[in-house]
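Thanks for coming. I will walk through one structure today and keep to what can be read from the atoms.

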Amino acid sequence: MPLIAIIGAIVVVIMIISLFIGVKNDQCSQPSYSDSNTTEDLKKVPKSVEDFVKSHKEAYILSWKAGGFLPSASIAQTMVENGFNFTNPSGTSLWKAHNMGGVKTSKKEDFPVTLATYGNDAVDITGTKAGTSVGDNTGGAYTYFKDYNAGIVGKAEFMAHQSLYKGAINNPDGKVTLMAIANGGWATDPNYLVSLIGAYNSLGQKFKWIDKEAIEKYGEAPYKANSPIPKLPTDKIPNKNESKNTAGVDVDEDGCVVNPNPSGEVTGKNGAPTQNLPPEYIGKLTLPMPDDKNYAGNSYPFGQCTWGVYNRLAQIGMPIEWFSGDSGNGGNWGESAKAKGYKVEKGKPHIGWGASFHGGLAGSDPTAGHIAVVEYINPDGSILVSETNVVRAGSGLRSWRVISKETVAQVNFIQGRK
């Protein structure tokens, strides 16, 4: 065989081997653990929605694993919430925040896969960065993501960590997923569901092929509640002194977030407002007015009554630990606290104590009950409480209510730990 033919054959073999290695590397790509680098070119303007979706396909597929949120439904929901603004993404509030669908501020524990994949700076819940204050009168600030990949995955994780949208998680049907989001109260617009289904029919269903790839890769029910938080390589773990895992919290053997020694450590602001104090109580309260800070260890869903009470008790220096599972429902706090050694008294209110209402009492949910904080005790035996998830449910708005003496007699009052 002529020398030139031999050399040519060798070159061909090398090219084939290189191609095989390249394909293998593509199939085995690993997530980035960088805390400083973005994961995409934010200056590159997509030509169309299709161009955007294709360039972020891996993030959409990962969002199915991270939160069980179907990619086609996620795309339709983004279109309704803030559209795909390619011509001037920096001029639209939620696009400034790389927020792919109105994700409110919550807790960093709600974004374990996003943080592990895109870095500890991938999520900002302070409500201070660009695009996080939209002014839509729904209360609360919006989460900032460092890029669109983090925003796509983060939205799925946020949704999965709330109790309101369970029907949307691990649901392979795009329209049913969107119905669950609307019924869960994601938006206050009465036409929200109609808009979502319209967007799915015109846009979302075009991307069922991504749904198929995601399901083939991660299965039909990839999201597991309370699954262990993914670990970073030991030399990449941020804030080592503060955490045993990537989200800055401790976990039990089931991967549940725990905080047996709650403190008043502030982890940022949540942007949730407080109603004006009723005029007749101005000058009477002995406790400081509620703030809008997040306190360490609060693993309750943003805006729920339990979330609000946890923060309030931590603020006034009477913290109470997180109760896992259904025993963390507001109506169960009395028994849960008693089992943990807290002082619990039925029918005997004290300022600064939690007030646990059993299911159905004072208009509370028949199953979950309710929890509030005693702010003032009236001479007639009634009490003033502060509470969340009563006015503008899910917004985090803290409101005030007077509870009658008759109802007070049926309430379990819980003393936090000083």
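Where is the place of Asn389? Asn389 sits in the loop between β10 (383-388) and β11 (398-403). Before going on: this is a predicted model, and the values I give are computed from it. Asn389 has a phi near 70°, which is positive although the residue is not glycine. Its relative accessible area is 25%, so Asn389 counts as partly exposed.

There is another residue of this kind to show. His98 has phi near 55°, again a positive value in a residue other than glycine. The loop that holds His98 runs between α5 (93-96) and α6. Is His98 buried or exposed? His98 is buried, because its relative accessibility is 9%, and the cut-off for buried is under 20%.

Gly151, which lies in α7, is in contact with His98, Met100 and Phe145, leaving aside neighbours within four places in sequence. At 0% relative accessibility, Gly151 is counted as buried. Its C-alpha atom is separated by 8.4 Å from that of Val123, a residue 28 places away along the chain.

Now α7 as a whole. Of its 13 residues, 13 are buried. At the start of the helix, Asp147 places a side-chain oxygen within 3.3 Å of the backbone nitrogen of Asn149. Why does the length of α7 agree with expectation? At 1.5 Å a residue its 13 residues should span 18 Å, and the end C-alpha atoms are 19 Å apart, so the two agree.

In soluble globular proteins, nonpolar side chains tend to be buried together. Here the largest nonpolar core has 51 residues, and the members that touch the most others are Phe52, Tyr60 and Phe84. Helices that each supply at least two residues to this core include α2 (49-55), α3 (57-67), α4 (71-81) and α10 (208-218). Which helix gives the most to this core? That is α7, with eight residues.

Take Phe84 as an example. Not counting residues up to four places away in sequence, Phe84 touches Val49, Phe52, Tyr60, Ile75, Thr78, Met79, Trp95, Met100 and Leu203.

Technical notes: Residues numbered from 1 in each chain as written. Predicted model: local features only at pLDDT ≥ 70, side-chain atom pairs only at ≥ 80, totals over all residues. Heavy atoms only, no water. Core = buried A, V, L, I, M, F, W, Y, C linked by side-chain atoms within 4.5 Å. Buried < 20%, exposed > 50% of the residue type's maximum accessible area, 1.4 Å probe, protein only. Helix = DSSP H or I, 4+ residues; strand = E, 2+ residues; numbered from the N terminus. Contact = heavy atoms within 4.5 Å. Expected span 1.5 Å × (residues − 1). Polar contact = N/O pair within 3.5 Å; in protein donor to acceptor, adjacent residues only side chain to side chain.
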